[in-house]
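Please look at the sequence and the structure before reading on.

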Amino acid sequence: MKFEAAETAVKALTKRPTDEELLELYALYKQATIGDCDTPKPGIFDLKGKAKWEAWKSKKGNSKEAAKEAYIKHVGELMEKYK
């Protein structure tokens, strides 16, 4: 239940987190919901896609549960910083 609450809470931020914070949020979410990255690496001209892919790939080997806990913690930090 906490994971779903964190998903909802992060959408209510009034200020935009940094790109690095958003990439971390994305990577943890994908790892928590899907698991290890299972998609091919985007082409060199897809800079945004490549950054997201690399962030998710960096979480390889983390369990879904560990990723959910890290996601919840990261959202909590963002809520404190950007509320």
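Is the crossing of H2 and H3 left-handed or right-handed? The crossing of H2 and H3 is right-handed; a crossing is left-handed if the near helix is turned anticlockwise from the far one by less than a right angle, and right-handed if clockwise.

The model is predicted: local features need pLDDT of at least 70, side-chain atom pairs count only at pLDDT 80 or more, and totals for chains, interfaces and linings use all residues. Residues are numbered from 1 along each chain as its sequence is written, and side-chain values use heavy atoms, with hydrogens and water left out.

## Helix packing

Two packed helices are described by the angle between their axes and the distance between the axes. Helices (H or I, at least four residues) are DSSP runs, numbered from the N terminus. Axes are lines fitted to C-alpha atoms, for helices over the stretch in contact, and angles run from 0 to 180 degrees between N-to-C directions.

| Helix pair | Angle between axes | Distance between axes |
|---|---|---|
| H2 and H4 | roughly 150° | within 8 Å |
| H1 and H4 | about 35° | 9 Å |
| H2 and H3 | about 55° | 8 Å |

At an angle of about 55°, H2 is oblique to H3. Angles under 35 degrees count as roughly parallel, over 145 as roughly antiparallel, 65 to 115 as roughly perpendicular and the rest as oblique. From H2, the residues Leu-23, Tyr-26, Ala-27, Lys-30 and Gln-31 meet Ala-51, Lys-52, Ala-55 and Trp-56 of H3, where contact means heavy atoms within 4.5 Å. By class, this contact of H2 with H3 has six nonpolar, one polar and two charged residues. Ala, Val, Leu, Ile, Met, Phe, Trp, Tyr, Cys and Pro count as nonpolar, Asp, Glu, Lys and Arg as charged, and the others, Gly among them, as polar.

H2 also packs against H4, their axes crossing at roughly 150°; H2 and H4 are therefore roughly antiparallel to each other. Their crossing is left-handed. On the H2 side the contact includes Glu-21, Leu-25, Leu-28 and Tyr-29, and on the H4 side it includes Tyr-71, Val-75, Leu-78 and Lys-81. The contact of H2 with H4 divides into ten nonpolar, three polar and five charged residues.

H4 has a further partner in helix H1 (residues 2-10), and the crossing of H1 and H4 is again left-handed. Lys-2, Phe-3, Ala-6, Glu-7, Ala-9 and Val-10 of H1 make this contact with Lys-68, Tyr-71, Ile-72, Val-75, Leu-78 and Met-79 of H4. Nine nonpolar, no polar and three charged residues take part in the contact of H1 with H4.

## Salt bridges

Side chains of opposite charge can pair when their charged atoms come close. How many salt bridges does the structure hold? The structure holds four, a salt bridge being a side-chain nitrogen of Lys or Arg within 4 Å of a carboxyl oxygen of Asp or Glu.

One of them joins Glu-21 and Lys-81, with the closest N and O atoms 2.8 Å apart. This pair links distant parts of the chain, since Glu-21 belongs to helix H2 (residues 19-33) and Lys-81 to helix H4, 60 residues apart. Glu-21 is buried, at 13% relative accessible area, whereas Lys-81 is exposed, at 53%. Buried means under 20% relative accessible area, exposed over 50%, and partly exposed in between (1.4 Å probe, protein chains only).

Another salt bridge is formed by Lys-41 and Glu-54, at 3.8 Å from N to O. Lys-41 lies in the loop between H2 and helix H3 (47-57) and Glu-54 in helix H3, so the pair ties together parts that are 13 residues apart in sequence. Lys-41 is partly exposed, with a relative accessible area of 47%, and Glu-54 is partly exposed at 37%.

Asp-19 and Arg-16 form a salt bridge in which the closest N and O atoms are 3.0 Å apart. Asp-19 is partly exposed at 45% relative accessible area, while Arg-16 is exposed at 57%.

## Two further glutamates

Glu-77 is located in helix H4 (residues 64-82) and is partly exposed, at 44% relative accessibility. Its C-alpha atom is separated by 27 Å from that of Leu-47, 30 residues apart along the chain. Glu-4 is placed in helix H1 and counts as partly exposed, at 40% relative accessibility. The C-alpha atoms of Glu-4 and Pro-42 are separated by 29 Å, and these residues are 38 apart along the chain.

Technical notes. Helices (H or I, at least four residues) and strands (E, at least two) are DSSP runs, numbered from the N terminus.
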